[in-house]
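Biologist: I have a chain open here and would like to go through it with you. Can we start with the charged side chains?

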Amino acid sequence: HLHKALYSSHNDHNYFETAHTVRRLNDLGRNNGGGGLKLYNFVDNHDVERIYTKLNNKAHFVPTHVLLYTLPGIPSVYYGSEFGMEGRKERFSDDSLRPYINLDDYKDAVKNNWCTAVVSKLGKARQQLKALAYGNYTEHTLTTRQYAFSRNCDGQNVLVTVNNDDNSAWFNLPADGIGEYVGVLSGKKIHADNGRLNVEVSGNSGEVWVPAGSIVLDGVLETESIAPYEMPQQEAPAKEAFAVEQQTVVKKAPAEKKEEPAPVKPAAPEPVTEEPKEAPAQPAFTAPVQPVKEAPKSGRILDDVEIPAGKSLQEMTVVELQKVIYEKMKKNGPVTDRMYQDIIENVYHNSLVGWANSFR
């Protein structure tokens with residue numbers, strides 16, 4: 001149930017979608033005499049695009065996984081996504097979602113890959129915090145861009161804050177009688193003041209605030225020994241480059257508008273005076289010119305492709321496979337432009353082999 005909400009809440013800057021889904025699941029469970037439905041949660045799997053591909057802003061990988069590991073339910077990570085692996089769902093093949101990987105290539109990922117570092121810390125924290133597995137869920141802050149809640153079990157209170165805005169945000173949350181909290185990802189220690197915890201969360205980020213000394217990470221009781229995850233530094237230049245492109249377009253637009261009126265005035269009279277001259281040219285029109293231009297509409301490119309004799313489907317090129325499918329379709333009836341376009345747009349060898357084999 002949370003799958004779409006977890007990524008679209010970030011892409012659309014709308015945490016209400018996630019909060020609404022959580023409330024609905026809690027209500028469903030209570031109506032059945034239980035304590036809320038705690039379901040199997042994931043941000044991607046073998047049938048949908050990888051989360052790193054789906055997120056418009058790759059920095060949102062952090063708050064997305066903070067929610068995955070802290071909301072009611074059982075978190076699941078699809079193999080490879082903890083490394084920030086990309087995978088786009090294709091029209092006729094899911095091969096890109098399910099690649100073979102060699103784990104030896106990722107043996108140092110926890111140290112060198114910021115995505116893996118985030119997932120590793122969240123996983124270790126959840127293993128040790130009973131509140132995250134069994135605690136009650138209480139919503140504290142909810143806007144389109146900021147969201148905070150707590151999970152509480154047997155006196156253990158965990159506070160969760162996420163921020164999908166580019167700017168940092170402040171949260172004022174109930175400390176539940178606990179004097180000091182530590183951030184799982186940042187290692188920051190924050191003291192509660194008058195029973196409230198005031199915390200700042202960076203833009204496009206998130207944090208899990210746990211009572212100081214409540215968990216052991218990397219064999220150490222205090223989380224301050226854990227180095228904070230480091231975001232890739234190319235994100236900032238990418239935004240600056242986009243801003244420059246926008247400015248360039250804005251500057252060019254007025255110049256183009258000023259030049260447009262000038263050619264419009266002479267263009268109007270010219271056709272009027274030259275129309276009589278065009279008339280004699282019409283008899284010189286050669287009929288064969290039109291059929292040549294129209295040929296691709298009925299006589300398509302694949303009509304000129306030859307299927308090599310003695311070649312198996314596996315040995316054929318993409319174009320040859322497209323030709324095979326095209327010919328098999330023609331035997332079953334007229335091939336519409338849409339059907340033909342589907343063949344041309346499929347450039348994946350394995351998919352085309354499977355498609356060709358599907359005909360009887």
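Modeller: Bear in mind that this is a predicted model. Asp47, Lys89, Asp94 and Arg98 are linked in a network of salt bridges.

Biologist: Why would such side chains pair up at all?

Modeller: Side chains of opposite charge can pair when their charged atoms come close.

Biologist: How many salt bridges does the count come to?

Modeller: The count comes to 14 salt bridges. One of them joins Lys4 and Glu17, with the closest N and O atoms 2.9 Å apart. That pair links distant parts of the chain, since Lys4 is in helix 1 (residues 3-11) and Glu17 is in helix 2 (residues 15-31), 13 residues apart.

Biologist: What does Lys311 pair with?

Modeller: The side chain of Lys311 meets that of Glu320 in a salt bridge, at 3.2 Å from N to O. Lys311 is partly exposed at 33% relative accessibility. Glu320 has a relative accessible area of 14%, so Glu320 is buried.

Biologist: And what about Lys330 and Glu327?

Modeller: Their side chains also form a salt bridge, with 3.4 Å from N to O. Lys330 and Glu327 are three residues apart in helix 12 (residues 318-332), so about one helical turn separates them.

Biologist: Why does that spacing matter in a helix?

Modeller: An α-helix has 3.6 residues a turn, so residues three or four places apart point the same way.

Biologist: How exposed are Lys330 and Glu327?

Modeller: Lys330 is partly exposed at 38% relative accessibility. Glu327 is partly exposed too, with a relative accessible area of 24%.

Biologist: New topic. How many disulfides are there?

Modeller: The count comes to zero disulfides.

Biologist: Remind me what a disulfide is?

Modeller: A disulfide is a covalent bond between the sulfur atoms of two cysteines. As for cysteines in this chain, Cys115 is buried at 2% relative accessibility, and Cys153 is buried at 13%.

Biologist: What holds strands together in general?

Modeller: Strands of a sheet pair through backbone hydrogen bonds, either parallel or antiparallel.

Biologist: How many bridges are there between strand 3 and strand 4?

Modeller: Strand 3 (residues 136-142) and strand 4 (residues 146-153) pair in the antiparallel sense over six bridges. The two strands form a hairpin, with three residues between them. Asn136 stands opposite Asn152 in strand 4.

Biologist: And strand 5, how does it pair with strand 10?

Modeller: Strand 5 and strand 10 (residues 205-211) are antiparallel and share five bridges. In strand 10, Ser205 is the bridge partner of Asn163.

Biologist: What comes between strand 4 and strand 5?

Modeller: A loop, and Gly155 has its place in that loop. Gly155 counts as exposed because its relative accessibility is 57%.

Biologist: How many residues of helix 4 are buried?

Modeller: In helix 4 (residues 61-70), 10 of its 10 residues are buried. Among them are Phe61, His65 and Tyr69.

Biologist: How far is Phe61 from Val118?

Modeller: The C-alpha atoms of Phe61 and Val118 are separated by 8.9 Å, and the two residues are 57 apart along the chain. Val118 is in helix 6 (residues 114-128). With 0% relative accessibility, Val118 counts as buried.

Biologist: Last one, the whole chain. How many helices and strands?

Modeller: The chain has 14 helices and 10 strands. Of its 360 residues, 41% count as buried. The chain exposes about 20400 Å², with carbon and sulfur atoms supplying 53% of it.

Technical notes:
Residues numbered from 1 in each chain as written. Predicted model: local features only at pLDDT ≥ 70, side-chain atom pairs only at ≥ 80, totals over all residues. Heavy atoms only, no water. Helix = DSSP H or I, 4+ residues; strand = E, 2+ residues; numbered from the N terminus. Buried < 20%, exposed > 50% of the residue type's maximum accessible area, 1.4 Å probe, protein only. Areas by Shrake-Rupley, 256 points an atom, 1.4 Å probe, with all protein chains shown as cover. Pairing = 2+ DSSP bridges. Salt bridge = Lys/Arg side-chain N within 4 Å of Asp/Glu carboxyl O. Disulfide = S-S within 2.5 Å.
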